[in-house]
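Subject: Structure handover

Hello,

Here is the structure I promised to pass on. Please open it next to this email and follow along.

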Amino acid sequence: MFAIIQTGGKQYRVQEGDVIRVESLAGEAGDTLDLTPIFVGGENALFGDAVSNYVVNAEVVEHGRGPKIYIRKYKSGIQYRRRTGHRQDFTAIKITGIKG
């Protein structure tokens with residue numbers, strides 16, 4: 001059985017035992033989360049109101065920061081050059097079960 005969850009404006013396909021990195025969530029390592037799926041698949045595909053009684057259980061594994069991404073801006077002819085960097089915060093969660 002698998003489910004599609006939405007968090008941080010993105011959708012993730014998960015099944016029991018997966019460890020995924022999502023946008024930063026509140027909670028310490030070891031805390032449990034209950035996420036609502038938007039689609040549940042397996043033998044029967046369920047979506048819409050049919051998945052309202054399903055819950056995806058997850059456990060927070062760690063918090064961290066992703067790799068540094070460099071942004072460069074350049075305009076020719078006027079000697080305009082800028083370089084900045086960004087590191088996105090993430091939360092690694094482990095899917096412990098899909099209950100319904």
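This is a predicted model: local features need pLDDT of at least 70, side-chain atom pairs count only at pLDDT 80 or more; totals for chains, interfaces and linings use all residues.

Start with the open sheet in the order 3-10-7-4. It has 4 strands, and the pairing is antiparallel. Strand 3 and strand 4 are at the edges. Each has a single partner strand, so one side of each has no neighbour in the sheet. On average, neighbouring strands here are turned by 45° against each other, direction ignored.

Strand 7 covers residues 55-65, and strand 10 covers 89-99. These two run antiparallel and are joined by 10 bridges. Ala58 stands opposite Ile95 in strand 10. Gly64 has Phe90 as its bridge partner in strand 10.

Strand 7 also pairs with strand 4, again in the antiparallel sense, over 4 bridges. Look for Thr32 here: its bridge partner in strand 7 is Glu59.

Val40 stands opposite Leu46 in strand 6.

**The nonpolar core**

Which residues of the largest nonpolar core touch the most other members? They are Ile5, Val14, Ile20, Val56 and Ile93, out of 17 residues in that core. Several strands contribute. Strands 1, 2, 3, 4, 7 and 10 each supply at least two residues. In general, nonpolar side chains tend to be buried together in soluble globular proteins.

Val56 is then in contact with Ala3, Ile5, Val14, Leu33, Asp34, Leu35, Pro37, Ile95, Gly97 and Ile98.

Thr91 lies in strand 10. Is it buried or exposed? Thr91 has 0% relative accessibility, so it counts as buried. Its side chain reaches the backbone nitrogen of Leu25 at 2.9 Å. Residues up to four places away in sequence are not counted in what comes next. Thr91 touches Ile20, Arg21, Val22, Glu23, Ser24, Leu25, Val60, Glu62 and His63.

Thr7 lies in strand 1. Thr7 is buried as well, with a relative accessible area of 10%. Neighbours within four places aside, Thr7 is in contact with Tyr12, Val22 and Leu25. Val22 and Leu25 are also touched by Thr91.

**The aromatic rings**

How many aromatic pairs are there? The count comes to 2. A pair of rings is described by the distance of the centres and the angle of the planes.

Take Phe2 and Phe39. Their ring centres are 6.0 Å apart and their planes are at 40°, so this pair is tilted. It links distant parts of the chain. Phe2 is in strand 1 and Phe39 is in strand 5, 37 residues apart.

The other pair is Phe39 with Phe47. This one is stacked, at 6.4 Å centre to centre and 20° between the planes. Together, the ring pairs link Phe2, Phe39 and Phe47 into a cluster.

How accessible is each of the three? Phe2 is buried, with a relative accessible area of 18%. Under 20% counts as buried. Phe39 is partly exposed at 23%. Phe47 is exposed at 58%.

**Where to look**

Then go to Thr91 and the backbone nitrogen of Leu25. Finish at the cluster of Phe2, Phe39 and Phe47.

Best wishes

Conventions: Residues are numbered from 1 along each chain as its sequence is written. Side-chain values use heavy atoms; hydrogens and water are left out. A nonpolar core is a set of buried Ala, Val, Leu, Ile, Met, Phe, Trp, Tyr and Cys residues joined through side-chain atoms within 4.5 Å. Buried means under 20% relative accessible area, exposed over 50%, partly exposed in between (1.4 Å probe, protein chains only). Contact means heavy atoms within 4.5 Å. Two strands pair if DSSP finds at least two bridges between them. Axes are lines fitted to C-alpha atoms, for helices over the stretch in contact, and angles run from 0 to 180 degrees between N-to-C directions. A polar contact is a pair of N or O atoms within 3.5 Å; within protein, one must be able to donate a hydrogen and the other to accept it, and residues adjacent in sequence count only if both atoms are side-chain atoms. Rings of Phe, Tyr and Trp (its six-membered ring) pair if their centres lie within 6.5 Å; planes under 30 degrees apart count as stacked, over 60 as edge-to-face and the rest as tilted.
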